[in-house]
Amino acid sequence: MRTLGNALMVAIVGLFLSAAFAGTQAADVRPPGSATNGTVPGNVSGNISDAAIWGMVRHGIAGSVTIPDKKAGVLVQDGGERLRQFRNGTQSKWGGWILLVAVMACLAMYIGRGRIMIESGPSGKVVQRFNDFERFTHWLTAGSFIILALSGLNMMFGKYLLLPVIGAKAFGTLTLWGKYSHDYLGFAFMVGLVLLLVVWLRHNIPNRLDIEWLRKGGGLFSEGTHVPARKFNAGQKLIYWAVVLLGISLSVSGLALFFPYEIRLFAVTFEIMNLVGFDLETNLTPLMETQLSLVWHGSVALLMIAITIAHIYIGSVGMEGALDAVVSGDVDENWARDHHELWLQEMNVTKVKSEPAE
């Protein structure tokens, strides 16, 4: 009997000791993934290592979210870093060289050729080249583009060139107003492009005269070379089509930036290009579309600014009498005879026909 009681006592004590030991162990047990001393534990990802998971997150893997904005499923969008490196590196570098070459080419032409003068000197007689509406179209397009170009160049190069000179406060104010003007004057530029097409399209259709003009360089590089042309010569037609085509591309990509994630340009474009042998990615997210629009917009803008620099030079400092066409609308008859002889003949015939018989 005593033996049985001792065994029962040992069992009871053992049970209590076991329970106490189990309690201390349970108090120290934590669910997988809980923090320990303020640190995030590892080895909580099943059969996938933490390094692999964070690597996928770092390189833009998309998770699932329940909110309407599905773009939030991407925690880290590494395309943004590539965009930053391209914009601050390749695009800025080559864009700067393109603009520098345009300026140096104008300077070289001025030094080598000099100002292109009216061969026989001004006659004192003028003929109307552009009417009021045509000049309005020109200045609406040109004026809005100049402001767009300056504000865009500030966005790309201002932090390197202007910020150290004028200081952070002035640079911030200038950039803010530049952004506002860039956003809304873009629509004025688009209207100007439409008017350019309506007003001057019929005068800018290429013809056989343009081949001769191009062959002789339009007489721009040598004195005494005379190439007859109608209202617009081949050089002006090239400027016209560059402005129209690049301007349309600039406008469409600008709209894609003004309404981000709403306009898909590149997936469709890449699909078409793939039909002729390219192998481009067409599964583009809305964010990738916006990033590509930014790259394209900046690249086209830099090319168009370089072309505009050459246009401004030849239409002002580079050629006597050219600026009058878009300021007063009238040009000297000898200037017209030097550069647009066939157009002058057409105008004189029209003038004679319109004059009443005596």
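Biologist: How far apart are Trp 177 and Tyr 180 in helix α6?
Modeller: Trp 177 and Tyr 180 are 3 residues apart in α6, so about one helical turn separates them. Helices here are DSSP runs of H or I with at least four residues, strands are runs of E with at least two, and both are numbered from the N terminus.

Biologist: Before we go on, what kind of model is this?
Modeller: This is a predicted model, where local features need pLDDT of at least 70 and side-chain atom pairs count only at pLDDT 80 or more, while totals for chains, interfaces and linings use all residues. Residues are numbered from 1 along each chain as its sequence is written, and side-chain values use heavy atoms, with hydrogens and water left out.

Biologist: Back to that pair. What geometry do the rings of Trp 177 and Tyr 180 have?
Modeller: By the ring rule (Phe, Tyr and the six-membered ring of Trp, centres within 6.5 Å; planes under 30 degrees apart are stacked, over 60 edge-to-face, the rest tilted), the count comes to 11 aromatic pairs. Trp 177 and Tyr 180 form an edge-to-face pair, with 5.7 Å centre to centre and 80 degrees between the planes.

Biologist: Is Trp 177 buried or exposed?
Modeller: Trp 177 is exposed, at 58% relative accessibility, and Tyr 180 is partly exposed at 38%. The classes are buried under 20% relative accessible area, exposed over 50% and partly exposed in between, with a 1.4 Å probe and protein chains only.

Biologist: Which residues make an aromatic cluster?
Modeller: Tyr 184, Phe 187, Phe 258 and Phe 259 form one.

Biologist: Zooming out, what is the secondary structure of the chain?
Modeller: The chain has 13 helices and 2 strands. Of its 358 residues, 32% count as buried. Among contacts (heavy atoms within 4.5 Å) with a separation of 6 or more, 74% join residues 24 or more positions apart.

Biologist: Which residues have the most contacts inside the largest nonpolar core?
Modeller: Phe 145, Trp 200, Met 304, Val 331, Trp 335 and Ala 336, in a core of 45 residues. Elements giving two or more residues to this core include α3, α4, α6, α8 and α10. A nonpolar core is a set of buried Ala, Val, Leu, Ile, Met, Phe, Trp, Tyr and Cys residues joined through side-chain atoms within 4.5 Å.

Biologist: What does Trp 200 touch?
Modeller: Leaving out residues up to four places away in sequence, Trp 200 touches Phe 130, Glu 134, His 138, Lys 231, Phe 232 and Tyr 240.

Biologist: Two charged ones in there. What do Lys 231 and Glu 134 do with each other?
Modeller: Their side chains meet in a salt bridge, 3.1 Å from N to O. Lys 231 lies in the loop between α7 and α8 and Glu 134 in helix α4, so the pair ties together parts that are 97 residues apart in sequence. Lys 231 is buried at 10% relative accessibility, and Glu 134 is buried at 9%.

Biologist: How many salt bridges does the structure hold?
Modeller: It holds 8, each a side-chain nitrogen of Lys or Arg within 4 Å of a carboxyl oxygen of Asp or Glu. One of them joins Lys 179 and Asp 183 at 2.6 Å, N to O; both residues lie in α6, 4 residues apart, about one turn of the helix. In α3, Glu 81 and Arg 84 are 3 residues apart and bridge at 2.9 Å between the closest N and O atoms. Glu 212, Arg 215 and Lys 216 are linked in a network of salt bridges.

Biologist: Different spot. Where is Ser 251, and what does Ser 251 touch?
Modeller: Ser 251 is in helix α8, buried at 9% relative accessibility. Not counting residues up to four places away in sequence, Ser 251 touches Phe 189, Met 190 and Leu 193. Met 190 lies in α6 and is partly exposed at 21%.

Biologist: Last one. Which residues form a nonpolar patch on the surface?
Modeller: Trp 94, Trp 97, Leu 100, Val 101, Met 104, Leu 107, Tyr 110, Ile 111 and Val 317, with about 960 Å² of accessible area together. Patch residues have over 30% relative accessible area and no salt bridge; like charges are joined within 9 Å, and nonpolar side chains (Val, Leu, Ile, Met, Phe, Trp, Tyr) within 5 Å. Areas come from the Shrake-Rupley method with a 1.4 Å probe, and for residues only the protein chains shown count as cover. Leu 100 is in helix α3 and partly exposed at 41% relative accessibility.
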